[in-house]
Amino acid sequence: MDAADTDARTGADARLADFERTIERDQRIEPRDWMPDRYRSTMVRQIAQHAHSEIIGMQPEGAWITRAPSLRRKAILLAKVQDEAGHGLYLYSAAETLGADRPELTARLISGRQKYSSIFNYPTPSFADVGVIGWLVDGAAICNQVPLCRSSYGPYARAMIRICKEESFHQRQGYELLMTLMRGTEAQRRMVQESVDRWWWPSLMMFGPPDAESTHTAQSMAWKIKRHTNDELRQRFVDMTVPQAAALGVTLPDPDLRWNAERGHHDFGEVDWSELKRVISGDGPCNAERIEVRRAAHEDGAWVREAAAAHAAKRARREGEAA
């Protein structure tokens, strides 16, 4: 090894040591900081998957905007779907600070090379689903995402602060809708219970596979991208949700669900992990539909992107001439 190779190796080792010290001290990695290629690719994968989930997640509830039963419910739903679009934009911007190309991320989503949350591949046949998504799905998202406000990558952590505040509103809106329905007719109460029955287990799957089968958790924990394991977050969600279900007057569809005084947590039944694998692999109830809607929206919006690019180029020429 010649002197140049030695100097390069020494420099790389020093940069890695500095990165590891930053992580150990619980400080943030920023876009201009050196980072290992694996850390960068892990962050791009996680942030992109999160951004895709926010954008695809507009569809299940967005389908109810024109069918909402009152102007108030329509306005609430419009505001929520708009928030989800904003979350996707924050996250795509965070991915761009890592060198990711937003059009390429979209192409990867549409082609199936990148994933989004499995929960958005389920249908919403009743208006109660709007409330249950707010209560269970956004509640699970809050459990998962609040710790990400302390993620080791600065732009991601800062984006999560606003996202979590807005998700908290969404969870409360969903709970309020369900409480209203549960105070209504017997048919409305049955509608809520039927929706809870359908969404409970997919909500538990949102946290990912069990720790023993997770391929990313250990490294993400070491880099402090994540602060809790999948199983820890799932347990926290169950413990949080059981008393809320009791207050609503709904039954969670798990005969094994019970309080364990020795553990200080609720025991719950085994999740059907084969279903999670099937949905992630593209064979869920709405996988094809969700991607097709996203593809059509992307193609229909081509003229907007072209017009924006032309306007930006024209403005740049004018500024150049003025200078």
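Okay, a definition to start: buried means under 20% relative accessible area, exposed means over 50%, and partly exposed is whatever falls in between, with a 1.4 Å probe and protein chains only. By that rule Arg113, with a relative accessible area of 49%, is partly exposed.

Some ground rules. This is a predicted model, so local features need pLDDT of at least 70 and side-chain atom pairs count only at pLDDT 80 or more, while totals for chains, interfaces and linings use all residues. Residues are numbered from 1 along each chain as its sequence is written, and side-chain values use heavy atoms, with hydrogens and water left out.

Now the overall picture. The chain has 13 helices and two strands; those are DSSP runs numbered from the N terminus, H or I with at least four residues for helices, E with at least two for strands. Taken along the principal axes, the C-alpha atoms fill a box of roughly 80 × 60 × 35 Å. Of the 323 residues in the chain, 47% are buried. The accessible surface is about 16,500 Å², and carbon and sulfur atoms own 55% of that (Shrake-Rupley, 1.4 Å probe; for residues, only the protein chains shown count as cover). On contacts, meaning heavy atoms within 4.5 Å: take those with a separation of 6 or more, and 77% come from residues 24 or more positions apart.

On to charges. Side chains of opposite charge can pair when their charged atoms come close. I'm calling something a salt bridge when a side-chain nitrogen of Lys or Arg sits within 4 Å of a carboxyl oxygen of Asp or Glu, and the structure holds 21 of them.

So which residue does Glu176 pair with? That would be Arg72, with the closest N and O atoms 3.8 Å apart. The bridge ties together distant parts of the chain: Glu176 is in helix H7 (residues 154-182) and Arg72 in helix H4 (residues 71-96), 104 residues apart. Glu176 is partly exposed at 28% relative accessibility, and Arg72 is partly exposed at 49%.

Then look at Glu104. Its side chain meets Arg113 in a salt bridge at 3.8 Å, N to O, and Glu104 also bridges to Arg108, closest N and O atoms 3.1 Å apart. Arg108 and Glu104 are separated by about one helical turn because they lie four residues apart in helix H5 (residues 102-111). Glu104 counts as partly exposed at 31%, and Arg108 does too, at 30%.

What about an arginine that is tucked away? Arg234, in helix H10 (residues 230-248), counts as buried at 2% relative accessibility. Setting aside neighbours within four places in sequence, Arg234 has contacts that include Phe207, Phe268 and Trp273.

Last stop, the second largest pocket, at about 210 Å³. For the method: on a 1 Å grid over the protein atoms alone, a pocket is an open set of points where a 1.4 Å probe fits, with protein on both sides within 12 Å along at least five of seven lines, and lining residues have an atom within 4 Å of a point. Points are joined across faces, edges and corners, and the volume is the space filled by probe spheres set on them.

Among the lining residues are Tyr92, Thr106, His298 and Arg305. H4, H5 and helix H12 (287-300) are the elements giving two or more residues. By class, the lining has six nonpolar, three polar and three charged residues; Ala, Val, Leu, Ile, Met, Phe, Trp, Tyr, Cys and Pro count as nonpolar, Asp, Glu, Lys and Arg as charged, and the others, Gly among them, as polar.
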